[in-house]
Amino acid sequence: MANAELVRHDDLSFVDGNIVVLAGSGYFIVHQGLLARHSQVLHDLINAIDTSPAIEGRPVLELPDSPRSIAYLLQALYDGMSVPFSLPSPARTLTFPSSFLTYDESGFAIVASLLRVLTTYKVHRIRHDILRVLSTSWPTSLALWESREHSVTTPDGVYSPHPGLPHPVEVIKLARDINAPFLLPSAMYDLSRSAPSEAATGVFSAQLGDYIRLDESDLLCVLRGREHAARYFSTFIVNELEGRTPSAWCLRRNDPNALAKRACQIAFEAITFELLRDINGIISHRTSDPLYAMSDAEAMQTREGVPEDSTPTMRTCEICRAEFSSAVLAAKEDFWRKLPLWFGVDVPKWG
C-alpha cells in the first residue's frame, strides 16, 4: 500500500518516535522501548521486523488488528490507567487522563475491544486491572453479586440493570475470547434469568447492525444451568418452607390463643404461597431468579409498611425468623457454589 493511502493517527504519533505501528490503513509513530516493556509478544515482533520498508523514515511493525483496536491499546500504554480502590456501583469508569474507557452498556464495546487486544499481545498488568473492575459486576463471590444487584435496583424496588451494565451475552462471548472463565458463571446465571427464547435471540448491536448470539455450546450451558437453578429452588421450597413448623423456641409457642399460637406456621404457609405466585418477582422485573426469590422469602417477614402491633400474615416471631434466615443464607451460599458446575465452567477459586 502506498504511503499516500495511509492515515496517520496524529494524537498517537510522536516526533521522537522510532517505530511505526501499521494497522490496516492507519499508522502510529511510537516508541519501541515502551511497546517492548509492556509486551513480550511485541518485543519479539519488533526484533523480527525487516527494517528496510519504512514510513516517514522509520521501520514498520505491521499488526493484523483494526486501527481502532491498536489506538485503544496505545492510548492505554501511553496514558496509563487509574483504577479506584473503592468501586461504588457497576456503572463505573476506568479513569484514563483522556477518559476514553467507561464500563457501562454504551462503553462496553471499547472495553471488550481493548481487552481482546491486550490479551493477544499479553499486556498483563493493564488487562488485570480492567478485569478486576469488570469482575465487580460479574463476580465470583455471593457478597459481591448481592452488592451488584442492590446497586442496579431502584429505590422503589425495580430491577433496572441497563444502561449501567452490558448485556450478559456480550460478557460471555468476551470471557470466551480472552480466556477469563471466572466471569462466566455469574454472566450465565444472569442470562438464565431471561426467557430461553430471549437467551437464544441474543442482543442487537447497533454498531454491527445485527444480533450478537451465543455459540450453540454456550447456549446449551445456559439452558442446562437454568434448569438446575429452577430445580434447586423447587427443592428449597419443599425442604425449607412447605410444612415448616415453628422453632422449638418460638416466642408464640405458649400463647393461650390457638390462632396466635399457630401464627408463625401460618406465616410460613403464606410465604410459600407468595413465592409460588412470584408476585414480587413480577413487580421488580426479577422473575426466574432463585437467589432473589430466596432472599425475598426472608424479606417478606420484615418488609416495611407492615404495622408492628398487628398480626401480619407473613410476620413470624424473631426466633422463627432468625432460624429461617440461617436456612436461607446456607441455601444461597450452596446455590452460589454450584453455579460453575451447573453451567459447565471450571473456576478453581469460585466463591
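Guide: A nonpolar core is a set of buried Ala, Val, Leu, Ile, Met, Phe, Trp, Tyr and Cys residues joined through side-chain atoms within 4.5 Å. Buried means under 20% relative accessible area, exposed over 50% and partly exposed in between, with a 1.4 Å probe and protein chains only. The model is predicted: local features need pLDDT of at least 70 and side-chain atom pairs pLDDT 80 or more, while totals for chains, interfaces and linings use all residues. Residues are numbered from 1 along each chain as its sequence is written, and side-chain values use heavy atoms, without hydrogens and water.

Visitor: Which residues have the most contacts inside the largest nonpolar core?

Guide: They are Leu35, Ile70, Leu134, Phe236, Leu275, Met294 and Phe335, in a core of 88 residues. Another core, of seven residues, lies apart from it and includes Val20, Leu22, Ile29 and Ile55.

Visitor: Why is isoleucine 271 called buried?

Guide: Its relative accessible area is 0% and the limit is under 20%, so isoleucine 271 counts as buried. The residue is found in helix α12 (residues 263-277); helices are DSSP runs of H or I with at least four residues, strands are runs of E with at least two, and both are numbered from the N terminus. Beyond four places in sequence, isoleucine 271 touches Leu241, Ala297, Met300, Gln301 and Met314, where contact means heavy atoms within 4.5 Å.

Visitor: What makes α8 and α15 roughly perpendicular?

Guide: The axes of α8 (residues 184-192) and α15 (residues 318-342) cross at roughly 100 degrees and come within 9 Å. These axes are lines fitted to C-alpha atoms over the stretch in contact, with angles from 0 to 180 degrees between N-to-C directions. Angles under 35 degrees count as roughly parallel, over 145 as roughly antiparallel, 65 to 115 as roughly perpendicular and the rest as oblique; therefore α8 and α15 are roughly perpendicular. Pro185, Ser186 and Tyr189 of α8 meet Phe335, Trp336, Leu339 and Pro340 of α15.

Visitor: Why is α6 also described as roughly perpendicular to α15?

Guide: The axes of α6 (residues 142-151) and α15 come within 10 Å and cross at roughly 100 degrees, so α6 is roughly perpendicular to α15. Leu142, Trp145 and Glu146 of α6 make the contact with Lys332, Glu333 and Trp336 of α15.

Visitor: What is the mean pLDDT of the chain?

Guide: The mean is 88, and 90% of the residues reach 70 or more, on the predictor's confidence scale from 0 to 100. Over residues 83-99, however, the pLDDT is below 50. Where pLDDT is low, the predicted coordinates should not be read in detail.
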